[in-house]
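Student: I am new to this structure. Please pick a single part, look at it closely, and then connect it to what lies around it.

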Amino acid sequence: MAGLIYLDNAATTGVDVGVLEKMIPWFAENYGNPSSIYSLGRDAKKEIENARAKVADALNSRPNEIFFTGSGTESDNWAIKGAAFASVRKGRHLVTTNIEHHAVLDTFEYLSKNGFEVTYVPVEPNGIVDARKLAASVRDDTSLVSVMMANNEIGTIQPIKQIAGLLAGKNILFHTDAVQAIGAVPVDVQDLGVDLLSLSAHKFHGPKGTGALYIKRGTRIDNLLHGGGQERTRRASTENTPGIIGLGYAIEKAVAGMESNSAGIRKIRDAVVKKVLSGIPYSIYNGDPEKRLPGNANFAFRFIEGEGLLLLLDMNGIMASSGSACTSGSLDPSHVLLALGLPHEIAHGSLRLSFGTDSRMEDVDYIVETIKRIVLRLREMSPLYEDFVKGKKLEE
Amino acid sequence: MYSEKVMDHFSNPRNVGEIPDANAIGEVGNAKCGDIMKIFMKIEDDVIKDIKFKTFGCGAAIATSSMATELVMGKSIDEALELTNKAVAEALGGLPDVKMHCSVLAEEAIKEAICNYLKSQGKDIEAYHKCDNCCRNQ
């Protein structure tokens, strides 16, 4: 065994040691409440504003357009509920896609039970939404469109800039969940033309429990959290000072190192993909092969179920994830894979590998060989494979 | 999430495979839901002389198939028909709630095979005293 191999960077990443060092003094030493007037509080406030400037730099926005939150999920909830409720005079129609993260989909689901109407635009079989089809679904009473920048399961990158162009002048707020994109692909809010953008620190080697929402100047959205006057009265809660400071340093580092990190990660990902597809029969590469995050690979292996694959990979020191239902406890396979048009039984056999800055080219052969051995072993005990081999036609 | 017993039966499943001259075969579940279990038995003098399985499904589906085959191996078909999903789950040291349906499938697969056997023997299933439940999937 090659030691533990972490291939789940889309789930979370480890905090960068340099980032952690910047955070440490703000727990026990400089613990002042940033809203306090004495120096211990003022110092914290100053560092928070420093972090805000770093986030603004990373996104090409102004610092006063950046609001810190407790997570990517909170940012999504705030953007979507806040925009929907603030725009009811324009209308109650909202538009999104059918491959969004649950933080977005479930928020829309909640709104649809509370007087709003939601259109879910289906993606194409390559996992990318057609910008023109999406734009064609907006109406006079549409107040908000939300499309993720990069998908968390299959890594496909959505045409955000093109959608923003098509929505321009229609008085529709445009939100993007960029949680998976930061540090992997360029994210420039001016260039993209979005009004609202969510991000989360732990996806780019920052701490968990810290996120941010970019709110373009002049964009009216209701508050999600009510209480104190923090974040210029937009987001009540005593600031998570160490977390915010960590987010600031982490995004600065992630964006500065993006080009070289992504190039290296892409090479390793591409090597694994090539060897898996050539070495394991009846394997499918899900999502557009080109327009995707450099670290994402998503496979479906026919005739097997994903959970067994993950458990056996874990026993062999490889940490990965699946769109499989079994992990979430529901019987339905991933909504993203079904949105691509995969039949249920194939969607059940999926594997997501998400590579990161710690991934190593020398592990590629071990990774591919291990996956292959396990897939073949599970197929040996699969009645679906038996039927297939015997030439019995699979029922779709 | 899984007990040691489940992990043991999942990673070293007992009785995997097929029996070419099986005289009792049962298949339950469907691919859409993500679980299919297929049981092969060799029954002689109403005793299960050999049993094998093939399963498409999660770790719990494979472990419950393995345990169910162990529990009925060498048993008479009357004894095997008394197998319950609870007995399978208990023998595995318990299952997470969301995986209990796997133990139900294992029980059903065993009964399905025996039901098919009884039919092939020309037994009157309605009148067969132990078979209250064994053909419920048909």
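Tutor: A residue counts as buried if 20 or more other C-beta atoms lie within 10 Å of its own, with the C-beta atoms placed from the backbone. The model is predicted, and the part to look at is helix 11 of chain A, residues 306–315. Within this helix, Gly306(A), Glu307(A) and Gly308(A) are buried, as are the leucines Leu309(A), Leu310(A), Leu311(A), Leu312(A) and Leu313(A). Because eight of the ten residues of helix 11 of chain A are buried, the helix is largely enclosed by the rest of the structure. After the helix comes Gly317(A), with a positive phi near 80°.

Helix 11 of chain A also takes part in the contact between the chains. There, 20 residues of chain A are in contact with 19 residues of chain B. At least two residues each on the chain A side come from helix 11, helix 12 (325–328), helix 14 (344–347) and helix 16 (383–389). Helix 11 of chain A gives the most, with four residues. By type, the chain A side divides into eleven nonpolar, five polar and four charged residues.

Elsewhere in chain A, strand 12 (residues 350–354) can be read in the same terms. Five of its five residues are buried, so strand 12 of chain A is largely enclosed by the rest of the structure. In a regular strand, side chains alternate between the two faces of the sheet. Ser350(A), Arg352(A) and Ser354(A) point one way from strand 12 of chain A, while Leu351(A) and Leu353(A) point the other way. The partner is strand 10 of chain A (residues 296–301), paired with strand 12 in the antiparallel sense over five bridges. In this pairing, Phe299(A) stands opposite Leu351(A).

Three strands of chain B make up an open, antiparallel sheet in the order 1-2-3. Strand 1 (24–30) and strand 3 (47–56) of chain B are the edge strands, each pairing on one side only. From one strand to the next, the twist averages 15°. Nine bridges join strand 2 (residues 35–44) of chain B to strand 3 of chain B, and Lys38(B) stands opposite Lys54(B) of strand 3. Two helices of chain B lie across these strands. Helix 2 of chain B (residues 59–72) lies across strands 2 and 3, at about 175° to strand 3. Helix 5 of chain B (residues 100–120) lies across strands 1 and 2, at about 145° to strand 1.

Notes
Residues are numbered from 1 along each chain as its sequence is written. Chains are lettered from A and ligands numbered from 1 in the order in which they are written. This is a predicted model: local features need pLDDT of at least 70, side-chain atom pairs count only at pLDDT 80 or more; totals for chains, interfaces and linings use all residues. Two strands pair if DSSP finds at least two bridges between them. Axes are lines fitted to C-alpha atoms, for helices over the stretch in contact, and angles run from 0 to 180 degrees between N-to-C directions. Two residues are in contact if their C-beta atoms, placed from the backbone, lie within 7 Å. A residue is buried if 20 or more other C-beta atoms lie within 10 Å of its own, exposed if 12 or fewer, and partly exposed in between; C-beta atoms are placed from the backbone. Ala, Val, Leu, Ile, Met, Phe, Trp, Tyr, Cys and Pro count as nonpolar, Asp, Glu, Lys and Arg as charged, and the others, Gly among them, as polar.
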